[in-house]
Amino acid sequence: MEGNLPPRQLPYVNEMNEHFWSGSSDGRLRILRCAACGTWIHPYAGRCPKCRSADIAPQPVSGHAKVVGFTVNHQPWVPGVPTPYVVAIVELEEQSNIRLMTNLPRIAIEDVQVGMKVKVYFEQHGDIRLPLFEAA
Ligand SMILES: [Zn+2]
């Protein structure tokens with residue numbers, strides 16, 4: 001989906017986060033997972049925080065999550081980015097402490113609620129596919 005997208009500040013992609021920003025060409029969000037104990041790890045860590053294994057690799061997740069917090073930004077921090085917009089924290093269904101900061105541009109601001117179920121979709125900017133969330 002490219003074309004009439006609002007301007008965005010894009011992340012800096014490196015070998016530690018490439019799976020997250022660019023690894024979703026099949027439409028699935030990828031998060032690091034420990035092969036030894038199954039713990040999901042985000043943001044990047046070189047070892048599993050639970051069992052200390054270094055055997056970690058990106059694995060696809062369901063993309064289902066719930067909103068655990070949000071704020072409405074009215075400040076025009078970035079020229080050309082229309083305001084207001086929601087900045088949300090969503091928690092992936094796979095694990096309670098795996099949380100992403102994201103936007104919910106397909107949900108009307110007045111409809112956003114803590115606890116609402118959402119699912120991922122992607123907004124493509126070149127090689128980067130930003131994970132955004134919409135109502136599930
Ligand atoms: Zn582990």
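1. Helices here are DSSP runs of H or I with at least four residues, and strands are runs of E with at least two, both numbered from the N terminus. By that count, the chain has one helix and eight strands. Reading from the N terminus, the order is α-β-β-β-β-β-β-β-β.

2. A word on what you're looking at: this is a predicted model, where local features need pLDDT of at least 70, side-chain atom pairs count only at pLDDT 80 or more, and totals for chains, interfaces and linings use all residues. Residues are numbered from 1 along each chain as its sequence is written, and side-chain values use heavy atoms, with hydrogens and water left out.

3. Now have a look at the zinc ion. Its protein donors (N, O and S atoms within 2.8 Å of the metal, or 3.2 Å for Na, K and Ca) are the SG atoms of Cys34, Cys37, Cys48 and Cys51, at 2.3 to 2.4 Å. Along the chain, these donors follow the spacing C-x2-C-x10-C-x2-C.

4. Cys34 counts as buried because its relative accessibility is 3%, while Cys37, at 34%, counts as partly exposed. Across the chain, buried residues make up 39% of the 136 residues.

5. Leaving out residues up to four places away in sequence, His19 touches (heavy atoms within 4.5 Å) Arg30, Ile31, Leu32 and Pro58.

Notes:
Buried means under 20% relative accessible area, exposed over 50%, partly exposed in between (1.4 Å probe, protein chains only).
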